[in-house]
Amino acid sequence: MSNNEMDSNSPYSAVVAGTGSCLPEKLLTNEELTKIVDTSDEWIVTRTGIKTRHIASPQETTATLAAEAAKRAIASAGISAEDIDMIVLATITPEMVFPSTACFVQDIIGAKNAWAFDISAACSGFVYAVSIAQQFIQSGKYNNILVIGAETLSKITDYKDRGSCILFGDGAGAAIIQKADAKKAKGIIYSTSVSDGSGWESLNCPAYGSRYPADKPLEDANGIYMQINGREIYQLAVRRIVEMVNECLEKCSLSIEDVSLFIPHQMNARIIESVAKRLKFADEQVFMNIEKFGNTSAASIPIALDEAVRTNRLKRGDIALLVAFGGGLTWGANVIEY
Ligand code: UT7
């Protein structure tokens, strides 16, 4: 069910060498949503903390957003696309059923020496991808791994359902995970990844896979959209995130005060505030940008990480704690000395 990784014996560390992100230009405001469903700016802000989300244009796809975020991460790491050995892309809104969105990205950016694949772990996708990259770097096999979280959730959002359509946005974030000398840089100190498939019904999008193929009528026509049991996810998320933070601190012999920046998946400002209060994080330790972007699933943490780096909220030597919870059910965390 769970998998914890901390390879302190490896001579190699896996460091975050660069980050990048890409958001579509088009904004969807709360005011605009009030014209589509029975809601209000006041309800959305009070219950979720969200004011705007970015929405992909017809020309923007998961792969184009991901490729742009990747190019920015590559530039920020000071490497070239040909230096990349592997691409791991986390998404629940892939370009097509197959090939993988990662393969589209490989082609767009010209990472001709990389092998590329997608992972499906919903909101936990990026932290899962980072833990996969950590393993391939610390084994000594690769030098540069491109990890991406990218989503166009607007394509599977039911804009007739006021309980969910107010939450989601589109975007992509990326990071270059690079091999370093463990004596000189710590990089990713610890990762934990957990799944509980028995909770799949709380958060899913049933069409169009093997169970409900495109050529068979759906039992419920809304099955082409995300189905969420918001209240259940809310409670589970708070509990699991608190547990994971405590696990990370214990395994790494760190205290809450040692964490320079807590970067949780941006799913609901109230969830983040509740977690922060229980763990006694000071406000300045908690990164939140949900107000601008809503919940972008796998893209949310790398977009936040990139913003934290660009705005100097996260500096070299700082400890960042990345934590996510989402569909699967899945949850996971990475402790990183940036
Ligand atoms: O990243 C993983 C995916 N994310 C999630 O699964 C989201 C996690 N859950 C949440 O963020 C929150 O549960 C929501 C934002 C989805 C809902 O907030 P809540 O405080 O749990 O509200 P609720 O579902 O308990 O609904 C309270 C009331 C209901 O009315 P009644 O039954 O009390 O009369 C809803 O019908 O609010 C109503 N409501 C709305 N009212 C205005 C639900 N959505 C809206 C809306 N505008 N958009």
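## Around the ligand

Two helices, α2 (41-48) and α6 (230-252), each supply at least two residues of the shell around the ligand. Of these, α6 gives the most, with 4 residues. Keep in mind that this is a predicted model.

In total, 20 residues surround the ligand, and the closest are Thr39, Arg47, Arg231, Asn268 and Asn295. Sorted by class, the shell has 8 nonpolar, 7 polar and 5 charged residues.

Asn295 has a side-chain N or O atom 2.7 Å from an oxygen atom of the ligand, and a polar side-chain atom of Arg47 lies 2.8 Å from a ligand oxygen atom. With Trp43, a side-chain N or O atom is 3.4 Å from a nitrogen atom of the ligand. On its own the ligand has 950 Å² of accessible area, and the protein covers 75% of that.

Now for strand β5 (residues 86-90): 5 of its 5 residues are buried, so the strand is largely enclosed by the rest of the structure. Met86, Val88 and Ala90 point one way, while Ile87 and Leu89 point the other way.

What does β5 pair with? Strand β6 (residues 115-119) runs parallel to β5, joined to it by 5 bridges, and Ile87 has Ala116 of β6 as its bridge partner. Strand β7 (residues 144-152) also pairs with β5 in the parallel sense, over 5 bridges; here Val88 stands opposite Val147.

How values were computed: Residues numbered from 1 in each chain as written. Predicted model: local features only at pLDDT ≥ 70, side-chain atom pairs only at ≥ 80, totals over all residues. Heavy atoms only, no water. Buried < 20%, exposed > 50% of the residue type's maximum accessible area, 1.4 Å probe, protein only. Pairing = 2+ DSSP bridges. Near = heavy atom within 4 Å. Polar contact = N/O pair within 3.5 Å; in protein donor to acceptor, adjacent residues only side chain to side chain. Areas by Shrake-Rupley, 256 points an atom, 1.4 Å probe, with all protein chains shown as cover. Nonpolar A, V, L, I, M, F, W, Y, C, P; charged D, E, K, R; others polar.
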